[in-house]
Amino acid sequence: MSSRPCLLAIFLAVLFLLGGVVHAFVNEAISLALEAATPYVEQGFEVREDNWSGEVEPGKPLLIRHQLFRGNEYWFWAGTSWPGATIKIDIFDSEGNSVGLESFAKDSFAGVRALPQKTATYFIRVVASYEKKGKGLTKAERGANDPVDGVGEFPGVLDWGVVYGYR
Amino acid sequence: MIEMPPSLFPAVRRALVVAFLAVPGWSGAQDAGTAAAPERIDLSNFPGEFVDKVVVPIPAEIFAVLDKLDEPDWNSGIQLPEENDRGGERSILALTFGSLVAEGFISVQAKNPEEIEKIGKRVLELAESLGLASAVRPHSLSIIEASKNRDWGKVRDELDATQQTVRTTMEKLRDDELSELVSLGGWLRGTNVVTEFIANAYSEDKAELLNQPGLISHFRETLAKMRGLAAGSPAIRAIATGLARLEAIIAEPGELAEEDIKQLRDISRGMLEEFYFEKPAEAK
């Protein structure tokens, strides 16, 4: 094998690995949130294409501002893809009062429903958490089969994603 | 012990999500393994991080409420302007793109496949001018096909996806300003048609739908941060002034009165005449 195809193969392999890591870190959280939304689509909720996502330190609450309209019913769904991480989502009015009518939270995904009493800006609080460290992790939770140094270790931040639907 | 390849984990977790939500009797009315939400949080001293990104509601969200409160004649709200050449200024194209998509949402409410088809084609032409035709073409074709099948939910989804694809592509090209202008154009057209309907059959419940000071403030900040030639263009300056006028009316304490709604309608119309509607002869 000549050196050029070999270098190309290495480059493509690195690109593939990096691409995989970035993709998993950014899109998988949204993907999980959308999966959580799936059963509600059958109930008539229209899920928006636009969404919120990013990375956050475990346990640090995030607050999203969002305009809601009285007369619509909303569900907000959140996801995080890091193995072993959990996520919660709540909703508050502009006074800081909880307005979530029902909610669920199960490991890597969560949801909250609201029926706004007035048309206004509301605040969606998202908290992604991760307790386990080091040896407490199973191989699965490390997210990889110990491939190379640094890959599969907890990076110190969690991915998160939020989508919403209305009807 | 059987070990799964790591690549299977996302798929397995997704399957667990669906399985969890599909459990009989699961109503979602409980928290599973987490503390209940606090009854109240202090927004003025929030111990975390505010997310900068603003997701602008699509016109269909407000249209859905209007449909529950009233049954507007949505066909009378469709006002697809004649194709006019306002030059190739990208900021104007981006605003127009947003407004065209909003026109599509109006046409979906009206269940008017002919107008939707026209809009689907115009959306694609505009995308070509913006250099985004390849990204938009599949959506444009889906919009037209779904409208022929009278699958209105699908048309709405595709219109939302079209706008999102264009915005995401612009952001990837580091054209965040243009992306925001797409949202502004859509919001403005949606707001204008809503004010028209409410002005024609006023009620306080309907007027409350215009209580959107946070969004107006967001758009004003967006325009204030704009740099380059577009920032100084007469159209952008006029729109910025219009937003300030809208904000002044909406920020007033108390309910929005019928006269306020008429002002919002006229101001938003004037703003749209900067890039979308033809200006009245005497204003040219």
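A residue counts as exposed when its relative accessible area is over 50%, as buried when that area is under 20%, and as partly exposed in between.

The model scores ipTM 0.87 and pTM 0.84, while chain B has a mean pLDDT of 88, with 86% of its residues reaching 70 or more. Within the chain, confidence is highest in helix H12 (residues 258–272), at a mean of 98, and lowest in helix H1 (residues 9–21), at 54. Two stretches stay under 50 in pLDDT: residues 1–9 of chain B, for which the model has eight contacts beyond four places in sequence, and residues 23–34 of chain B, for which it has 22 such contacts. Where pLDDT is low, the predicted coordinates should not be read in detail.

The packing of helices can be followed in two pairs. In the first, the axes of helix H2 (residues 59–69) and helix H4 (residues 90–109) of chain B come within 10 Å and cross at roughly 30°, and H2(B) is therefore roughly parallel to H4(B). The crossing of H2(B) past H4(B) is right-handed. On the H2(B) side the contact is made by B:Pro59, B:Ala60, B:Phe63 and B:Asp67, which meet B:Ala102, B:Phe105, B:Ile106 and B:Gln109 of H4(B); by class, this contact has six nonpolar, one polar and one charged residues.

In the second pair, helix H10 (residues 213–225) and helix H11 (residues 234–251) of chain B have axes that come within 10 Å and cross at roughly 155°, so that H10(B) is roughly antiparallel to H11(B). Here H10(B) passes H11(B) in a left-handed crossing. The residues of H10(B) in this contact include B:Ile216, B:Phe219 and B:Leu223, and those of H11(B) include B:Ile239, B:Leu243 and B:Ile250. Taken by class, the contact has 11 nonpolar, one polar and two charged residues.

B:Lys118 lies in helix H5 (residues 113–129) of chain B and, with a relative accessible area of 45%, is partly exposed. Its C-alpha atom is separated by 8.5 Å from that of B:Ile144, which is 26 residues away along the chain.

The other two are arginines in loops. Most residues other than glycine have a negative phi. B:Arg150, however, has a phi near 55°, a positive value, and is found in the loop between helix H6 (133–148) and helix H7 (152–172) of chain B. Because its relative accessibility is 51%, B:Arg150 counts as exposed. B:Arg174, in the loop between H7 and helix H8 (176–200) of chain B, likewise has a positive phi, near 60°. At 77% relative accessibility, B:Arg174 also counts as exposed.

Terms used. Residues are numbered from 1 along each chain as its sequence is written. Chains are lettered from A and ligands numbered from 1 in the order in which they are written. This is a predicted model: local features need pLDDT of at least 70, side-chain atom pairs count only at pLDDT 80 or more; totals for chains, interfaces and linings use all residues. Side-chain values use heavy atoms; hydrogens and water are left out. Axes are lines fitted to C-alpha atoms, for helices over the stretch in contact, and angles run from 0 to 180 degrees between N-to-C directions. Helices (H or I, at least four residues) and strands (E, at least two) are DSSP runs, numbered from the N terminus. Angles under 35 degrees count as roughly parallel, over 145 as roughly antiparallel, 65 to 115 as roughly perpendicular and the rest as oblique. A crossing is left-handed if the near helix is turned anticlockwise from the far one by less than a right angle, and right-handed if clockwise. Contact means heavy atoms within 4.5 Å. Ala, Val, Leu, Ile, Met, Phe, Trp, Tyr, Cys and Pro count as nonpolar, Asp, Glu, Lys and Arg as charged, and the others, Gly among them, as polar. pLDDT is the predictor's confidence in each residue, from 0 to 100. Buried means under 20% relative accessible area, exposed over 50%, partly exposed in between (1.4 Å probe, protein chains only).
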